[in-house]
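Hi everyone, thanks for making time this morning. I'd like to walk you through a structure, one piece at a time, so please have a look at the screen.

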Amino acid sequence: MSHLELSGISQSFRRADGSLHRVLAECSLAIERGEFVSIVGPSGSGKTTLFNVIAGLAAPQSGTVTIGGARVDGPSARVAYMLQKDLLMPWRTTLENVTLGLEIRGVPAREARRRGSELLERYGLAGSEGLYPGALSGGMRQRAALVRTMVLEPEIVLLDEPFSALDYQTRLMLECDVRRIIDERGCTAILVTHDIDEAVSISDRVVVLGGKPASVKLDVPIELTVEGARTPVTSREAPEFRRYHKAIWEQLEVALPGAA
Amino acid sequence: MTTDAKPLGAALPRRVVRGAPWLRHAAVPAVQLAIAAVVIALWQFGADAHLVNGQLFGTPAGIVSAARRTFADGSMAADTTATVYETVTGFVLGSVLGSVAGLMLWYSRFVARVVEPAAVAFNGVPKIALGPLIIIWLGAGVESKIVLAFVSTLVVALLAAYGATREVDADLVTLLRSIGASRWQIFRKLLLPSAMPFMFAAMRINVGFALVGAVVGEFISSQRGVGHAVFVAGNLFDLNTVWLGILELSIVAAIMYALLARCERLLVKGRT
Ligand SMILES: Nc1ncnc2c1ncn2[C@@H]1O[C@H](COP(=O)(O)OP(=O)(O)OP(=O)(O)O)[C@@H](O)[C@H]1O
Ligand SMILES: [Mg+2]
């Protein structure tokens, strides 16, 4: 039994004119415990829709999601969601933002603060506990959002383009940190990204969603030969890197000028 | 935990101002006082030299003696107390009930869609037009003025609070839901704090509206209040007493703004 199993997920939305807009068709995917999987696909292919189903925020039209064999039918403490926008609340300090989820889950305030500060410190945000988000840089804000996600001690982390608003260097750094932190905690992670390099360099496996309605078009394990430890930075030096990039690129059906 | 820490940016001066800190703080009020003093002196001088018609424009000395007189006979205290009572009661009721109702509309899209067009239409009505009705129904006492101040502020507060709930980032709602937040928790932790600045903006506007409501009510029919005093004095061409009333009303408004600003600093955090 895999940690996370999607079987035959279909989802549609009703358009304003009443017709049915089929977004996902029969998506099936099994992800093992501790695996880091990236999902790439054209804009509008239903990646966020799929995440909403996994997070239990929307029931699929058909199909089932199971986590550790248990069926998902609502938001679950085993899953944490991190979005492209950091979504820090401007009226809360960094620490108060980080402890938001614990507060909602009814963890006593002192305990929540202790756990929050500990993680902030561990993930390089020591000293910013009392600052409001307006005083943090983009990278620090996204890092705080990551701490807010991890402090909930999820089994599965859903990352919906969390790096896309960052500059290249901050992004690489954060990619490395996220991968390390996820591994450290033994979490299973799914990352949605538009950046093929990012998907290949950070993941154990890349899934391509495509078609209308979308389904899984490609599912490739990434095996890279690197010297020393594999990180999103060293991965980019691997000889196989370009080959994976090309294989995924071809599946994305990107309409390029001149490639009629 | 340091909850009172300011964003780093707030600690930095916006631009370099030369001079001692106390001088920098004192500069603006000093200039304001100087301008007021010059205007008052010119006004008095003009009236004394018969360059300005003191009968038509009043004089600073006349305003001072009107103040002395009304202070001595107790009418200043009675009138300002009445107006402040009407204004503040109407303002608080209108702001609180309006804000609560506006926030509640977030709970029910259906009710919101029923109520919104009516609220928008009512918002456009000059509330003064309701004065005669309200006074006929409630009489010439303070109640009718409170209700006028109340209806003048209610819909502004309601629309501001409801508008604020619609400005809330849908992704933040998604995030909270994914954590397992109940609707009440989403309201408490997200809707309320994010609507707070909008509600305060509405209250700043409503200070003026509440005063207009109370004073116009006093104009129409009353025995007491700054509006009453101004109305009576105006009919008698006692311009000095009219000026005094205007001065009293501006002081009341200024105090209300200051108190509001203090509440806002206490309740709205993390924004500059
Ligand atoms: N709640 C909804 N109601 C109606 N249509 C929706 C809803 N959510 C998503 N859709 C539609 O479903 C399609 C897929 O949306 P989704 O957000 O999942 O795409 P995505 O793959 O995440 O795209 P992007 O890469 O741009 O984030 C879009 O056409 C969108 O308009
Ligand atoms: Mg998306």
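Let's start with Ser10(A), which is buried at a relative accessible area of 9%; buried here means under 20% relative accessible area, exposed means over 50%, and partly exposed is in between, with a 1.4 Å probe and protein chains only. Before I go on, this is a predicted model, in which local features need pLDDT of at least 70 and side-chain atom pairs count only at pLDDT 80 or more, while totals for chains, interfaces and linings use all residues. Residues are numbered from 1 along each chain as its sequence is written, chains are lettered from A and ligands numbered from 1 in the order in which they are written, and side-chain values use heavy atoms, leaving out hydrogens and water.

Back to our serine. Ser10(A) sits in strand 1 (residues 4–14) of chain A; helices (H or I, at least four residues) and strands (E, at least two) are DSSP runs, numbered from the N terminus. What does Ser10(A) contact, once neighbours within four places in sequence are left aside? The list is Leu24(A), Ala25(A), Glu26(A), Pro60(A), Gln61(A) and Ser62(A), with contact meaning heavy atoms within 4.5 Å. For Glu26(A), the backbone nitrogen lies 3.0 Å from a polar atom of the Ser10(A) side chain.

Now, the interface. Here 28 residues of chain A are in contact with 26 residues of chain B. The area buried between the two chains is about 2,500 Å², and carbon and sulfur atoms give 68% of that; buried area is the accessible area (1.4 Å probe) that two parts lose on being put together, summed over both. On the chain A side, Trp91(A), Ile104(A) and Tyr132(A) lose the most area to chain B, together 29% of what that side buries.

How many salt bridges cross between chain A and chain B? The rule finds 3, where a salt bridge is a side-chain nitrogen of Lys or Arg within 4 Å of a carboxyl oxygen of Asp or Glu. Keep an eye on Lys85(A): its side chain meets that of Asp171(B) in a salt bridge at 3.0 Å, N to O. Lys85(A) also forms a salt bridge with Asp169(B), with the closest N and O atoms 3.1 Å apart. That pair runs from the loop between strand 6 and helix 2 of chain A to the loop between helix 8 (142–167) and helix 9 (170–179) of chain B. Lys85(A) counts as partly exposed at 40% relative accessibility, and Asp169(B) is partly exposed at 26%.

Over all chains, the salt bridge count comes to 26. One of them joins Arg114(A) and Glu111(A), with N and O 3.5 Å apart at the closest. These residues are separated by about one helical turn, because they are 3 residues apart in helix 4 (residues 109–122) of chain A. Another joins Arg242(A) and Asp197(A) at 3.7 Å, N to O. Arg242(A) is in helix 9 (residues 241–251) and Asp197(A) in helix 7 (residues 196–202) of chain A, so this pair ties together parts 45 residues apart in sequence.

Last, the cysteines. A search of the whole structure finds 0 disulfides, a disulfide being a pair of cysteine sulfur atoms within 2.5 Å. For Cys176(A), the nearest cysteine sulfur is that of Cys187(A), 17 Å away. Cys187(A) counts as buried, at 3% relative accessibility.

Note on methods. A polar contact is a pair of N or O atoms within 3.5 Å; within protein, one must be able to donate a hydrogen and the other to accept it, and residues adjacent in sequence count only if both atoms are side-chain atoms.
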